[in-house]
Amino acid sequence: PIGLESLMAVYAFYAGQDFGPPFPSYTGQEYGPRDADSLFAGLLGSYSAYDFFSSTRLYVPTCEDGKRCTVAVARERVNNVHGHGKTFTLDLTMGCMCTPEVHAGDDEGRYITSYRSAAPISSITPGLPRDSIIVWLNEYANRLENGMYAVGKIIPNEAGSAATAILLYPTLNGSATTVVSDAVGEPHTTATNRPSRRVSRCVTRGIEVVASAVHAARQQQGTVHAHDSNRAIYSIRIRIVQPGEEGYLSPSDRGFDCCQLRSRRWILTSDETAEEEHVSGEGVIGFFPLLLDNGGHHVYYGRDSAHAALVEECEEETFVYQSISNVYEGGGTMSGTLQFVPGNLRGPTGPEFDVVVASFPLPSFVDGDQYIY
């Protein structure tokens, strides 16, 4: 078969990851590591939001029907229930790397499975895509090498959790759109702007917000987290810019030593129709971070700003959180503002102000010119 040559070339160098000693799964079967942190050891990256975690392993290849061979499998956990999630398969007859995704079916509850290319066809050697798995892995290696993907905490803001993973949210170590504001918070474009399709950076009154998202592939029928719509998991990173960095303002220039987030306003925009959806509310997934001038931050959590209580004091300068958003079928973008108060929520030292989140893309299922990991 056409795809067999490239498959043999890859596994001649590496035999794949196993799933370690067994543990009880949601199906009653046993597989996978007992160590919770090892859930996130997937070589092909991880992402998380709320109680959902996914980490993809380069798998020991398994070929069931002689036509498709499974080469990568996501380990997933939802509410401490473990299972298999998205898979990546190599079509042995065409040599094409694909990921099966499940769509809502008929009124009887049946599902439809389609196979989506995991690498842009335009990037494959002309003719039959016999090199697809090699191109797919080579692009992933390039993204690791240039810093587009980085290692970080898989569960941010969870006290006592130190588990790390390769995170699939694009970072600033590539090109990015940069917007910097003056002391009164009016954003303006700098001469150093660098266009990007994947990540944005904005600085308002000395507060930096970096934002990016990853396509959350639909899971197969019967798995622990089956998506019922086109979704993306987005990552928001917030911090006070430090001396010597672009956008830095002294405490006297920005008007505060510390500040605390009160609420957020989001705008989701369709690439095809320019339709907008507006979302607003207090906090960010229940968190009300307090940013400190010395580069650290305190994490407050509660059902609203009046009941937010301190849960962790962090030395890390960046507050990070992830959430899930629906995506317009033809793709779209997300932008908005975060409302901060100088000082803290219980003792503000000035009026509330907006911190801009510059527009960043929400990858779509139908965007055919992208790699999927």
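**Confidence first**

Analyst: This is a predicted model. Over residues 21–36 the pLDDT stays under 50, and the model has 42 contacts for them beyond four places in sequence. Residues 219–228 are also below 50, and that stretch has 29 contacts beyond near neighbours in sequence.

User: What's the mean pLDDT of the protein?
Analyst: The mean is 78, and 73% of the residues reach 70 or more. Confidence is lowest in strand 12 (residues 187–189), with a mean of 41. It is highest in strand 18 (residues 290–291), at 97.

User: OK, new topic. How many helices and strands are there?
Analyst: Three helices and 24 strands.

User: And how much of the protein is buried?
Analyst: Buried residues make up 55% of the 373 residues. The protein exposes about 16,500 Å², and carbon and sulfur atoms supply 51% of that.

User: Which residues have the most contacts inside the largest nonpolar core?
Analyst: Val 71 and Trp 136, in a core of 42 residues. Several elements supply at least two residues each, including helix 1 (2–11), strand 5 (68–78) and strand 14. Helix 2 gives the largest share, five residues.

User: What does Trp 136 touch?
Analyst: Leaving out residues up to four places away in sequence, its contacts include Leu 44, Ala 72, Phe 88, Met 97 and Tyr 371.

User: How many aromatic pairs does the count come to?
Analyst: The count comes to 14. There is also one aromatic cluster, formed by Tyr 234, Trp 266, Phe 287, Tyr 301, Phe 319, Tyr 321 and Phe 360.

User: Strands now. Why is strand 15 largely enclosed by the rest of the structure?
Analyst: Strand 15 (residues 231–240) is largely enclosed because nine of its ten residues are buried.

User: Which strands does it bridge to?
Analyst: Ten bridges join strand 15 to strand 14 (residues 207–216), and the two run antiparallel. There, Glu 208 has Arg 239 of strand 15 as its bridge partner. Eight bridges join strand 15 to strand 21 (residues 319–326), also antiparallel. Tyr 234 has Ser 323 in strand 21 as its bridge partner.

User: What about strand 13? Is it covered on one face or both?
Analyst: Both faces are covered. In a regular strand, side chains alternate between the two faces of the sheet. On one side, Val 199, Arg 201 and Val 203 are buried. On the other, Ser 200, Cys 202 and Thr 204 are buried.

User: How does strand 13 run against strand 14?
Analyst: They run antiparallel, joined by six bridges. Cys 202 stands opposite Val 209 in strand 14. The hairpin has two residues between the strands, and in it Arg 205 takes a positive phi near 50°.

Definitions and conventions:
Residues are numbered from 1 along each chain as its sequence is written. This is a predicted model: local features need pLDDT of at least 70, side-chain atom pairs count only at pLDDT 80 or more; totals for chains, interfaces and linings use all residues. Side-chain values use heavy atoms; hydrogens and water are left out. pLDDT is the predictor's confidence in each residue, from 0 to 100. Helices (H or I, at least four residues) and strands (E, at least two) are DSSP runs, numbered from the N terminus. Contact means heavy atoms within 4.5 Å. Buried means under 20% relative accessible area, exposed over 50%, partly exposed in between (1.4 Å probe, protein chains only). Two strands pair if DSSP finds at least two bridges between them. Accessible areas come from the Shrake-Rupley method with a 1.4 Å probe; for residues, only the protein chains shown count as cover. A nonpolar core is a set of buried Ala, Val, Leu, Ile, Met, Phe, Trp, Tyr and Cys residues joined through side-chain atoms within 4.5 Å. Rings of Phe, Tyr and Trp (its six-membered ring) pair if their centres lie within 6.5 Å; planes under 30 degrees apart count as stacked, over 60 as edge-to-face and the rest as tilted.
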